[in-house]
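Keep the model open as you read.

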Amino acid sequence: MTLSTPRKDPAALSEGEKAVVEAVQAALPQSIADLGGLVRIPSVSWSAFDPAEVQRSAEAVVGLLSGTGFFESVDILRAPTPSGELGQPAVLATRPARGDAPTVLLYAHHDVQPPGRDEDWDTPPFEPTVRGDRLYGRGAADDKAGVMAHVAAVRAFVETGGTESDLGVVVFIEGEEEFGSASFGAFLEQNRDRLAADVIVVADSDNWDTSTPSLTVSLRGNVTFRLTVSTLGHASHSGMYGGAAPDAMLAAARLIDSFYDADGAVAVEGLTAHPMEVPELSEEHFSTDAALLDGVTPVGTGPVLERLWAKPALTVTGIDAPDVVNASNTLLPSVSIRVSCRVAPGQDAQDAFEALAAHIRSHAPFGAHTEITEVSTGQPFLVDTSGWAVALAEQTMADAWGASPKEVGVGGSIPFIADLVRAFPEAQILVTGVEDPDTRAHSPNESLHLGVFKRAITTEALLLHRLAAGARG
């Protein structure tokens with residue numbers, strides 16, 4: 001799906017645009033150093049981790065944005081979650097537009113995933129480490145590089161006369177995206193006037209490779225829940241009752257197996273796919289990117305990227321059961337599993353949940369009792385690519401990268417984008433990013449390609465310059 005957008009030769013850039021590119025290059029060492037400072041803060045927003053570190057991260061972001069000298073206000077704000085508790089601290093910086101100039105909202109998040117086991121990392125997860133052309137550390141890419149792309153782009157914009165423009169700029173740096181964005185909806189309602197924008201840039205996706213940019217035009221939604229399968233009133237001796245009494249693990253395993261067909265494709269009636277033209281990607285290439293072990297084959301049918309972008313996926317991401325060390329010779333009365341479903345674009349997430357719940361009720365083996373709790377849903381997203389902002393963004397990517405961008409789908413989910421669409425239905429949304437296939441976001445040894453980082457900053461800085469100049473395609 002390579003675009004036919006014509007490339008501008010760098011020599012064809014205006015003098016002002018050349019100055020923007022040079023400003024990004026000159027400030028790159030400082031941008032990398034500032035990113036390293038953010039990575040050192042273990043801002044894990046999950047409930048089991050220290051919330052003081054998320055607050056410290058928010059304060060660091062305030063310092064970076066205030067230091068640009070561009071914004072009229074930079075604040076740390078919190079909004080309530082559906083349970084009534086306050087969510088994690090977000091940062092909101094605003095510089096209102098003048099006259100009828102457009103406003104652009106720049107989004108990223110400063111919270112990160114848990115690091116996992118230190119022994120799985122080649123370097124300490126919260127000690128930013130440059131090896132070759134990559135910066136390693138938790139959050140180095142997802143999404144503190146997105147935060148710094150915004151900061152560095154604004155710096156370059158200011159350096160090249162942006163303070164004299166009428167362009168409105170809002171920066172919203174969320175503090176709990178990795179923990180489900182529970183307060184996002186309330187935050188939008190409380191700050192609707194300050195967040196309103198004509199163009200919204202969400203810097204939380206990836207690129208085709210380290211030399212080819214991407215604009216994300218579709219995202220799968222998600223449904224997650226805890227499923228408890230029970231068959232016995234209490235644990236029973238496996239020798240005395242095994243072979244006749246169905247234990248909960250057997251029932252859970254049979255139920256999980258019913259989620260899939262013989263090819264490993266999702267076999268839940270009511271989960272839909274979305275027709276989508278996708279670029280070619282060989283199974284061999286995919287197997288390498290996904291780190292499949294020798295002899296392990298991909299699951300599902302159809303083009304690989306269609307499976308990743310346009311079809312549903314079901315994964316069991318956790319099981320509550322005795323570990324091997326503490327296992328005794330008993331039949332388990334109850335087992336709980338965490339189910340994660342990626343919902344194809346075009347399907348309502350609640351409809352997908354209801355299809356899953358109906359499947360579970362009708363496929364529970366041996367009359368097993370099932371209970372579904374802790375349900376969370378997020379809507380999929382399809383970008384309207386006909387707007388002027390998409391054309392402008394793609395041309396700007398081509399100029400900054402020296403390569404025509406690809407319009408891509410992403411198998412992951414950014415559920416809050418649906419909230420943005422509801423709150424600001426007239427805004428044009430651009431989903432960009434600083435990641436690449438080797439980033440390993442959420443995994444040990446997460447890293448950022450520094451060349452991608454530079455080109456992402458350059459793209460955004462040029463976009464601000466062109467928006468300020470009134471370039472709408």
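Buried here means under 20% relative accessible area, exposed means over 50%, and partly exposed is in between (1.4 Å probe, protein chains only). With a relative accessible area of 33%, Trp 46 therefore falls in the partly exposed class. Before going on, keep in mind that this is a predicted model: local features need pLDDT of at least 70, side-chain atom pairs count only at pLDDT 80 or more, and totals for chains, interfaces and linings use all residues. Residues are numbered from 1 along each chain as its sequence is written, and side-chain values use heavy atoms, with hydrogens and water left out.

You'll find Trp 46 in the loop between helix 1 and helix 2; helices (H or I, at least four residues) and strands (E, at least two) are DSSP runs, numbered from the N terminus. Together with Phe 49 and Phe 179, Trp 46 makes a nonpolar surface patch of about 270 Å². A patch takes residues with over 30% relative accessible area and no salt bridge, joining like charges within 9 Å and nonpolar side chains (Val, Leu, Ile, Met, Phe, Trp, Tyr) within 5 Å. The areas come from the Shrake-Rupley method with a 1.4 Å probe, and for residues only the protein chains shown count as cover.

Now for strand 3. How many of its seven residues are buried? Seven of the seven are, so the strand counts as mostly covered. In a regular strand the side chains alternate between the two faces of the sheet. In strand 3, Thr 103, Leu 105, Tyr 107 and His 109 are on one side, Val 104, Leu 106 and Ala 108 are on the other, and all are buried.

What does strand 3 pair with? Strands pair if DSSP finds at least two bridges between them. Strand 3 runs parallel to strand 6 (residues 168–174), with seven bridges, and His 109 has Glu 174 as its bridge partner there. Strand 7 (residues 199–206) is also parallel to strand 3, joined by four bridges, and in that strand Val 199 is the bridge partner of Val 104.

There's also an open, antiparallel sheet of three strands, in the order 4-5-18. Strand 4 and strand 18 (447–449) are its edges, each pairing on one side only. From one strand to the next, the twist averages 25°, where axes are lines fitted to C-alpha atoms (for helices over the stretch in contact) and angles run from 0 to 180 degrees between N-to-C directions.

On to the charges. A salt bridge is a side-chain nitrogen of Lys or Arg within 4 Å of a carboxyl oxygen of Asp or Glu, and the whole structure holds 19 of them. One of them joins Arg 40 to Glu 127, with the closest N and O atoms 3.3 Å apart. That pair links distant parts of the chain, 87 residues apart: Arg 40 is in the loop between helix 1 (15–39) and helix 2 (51–66), Glu 127 in the loop between strand 3 (103–109) and strand 4 (129–131). Arg 40 is partly exposed at 43% relative accessibility, and Glu 127 is partly exposed at 35%.

Arg 226 and Asp 320 meet in another salt bridge, at 3.0 Å from N to O. Finally, Glu 17, Asp 399 and Arg 466 are linked in a network of salt bridges.
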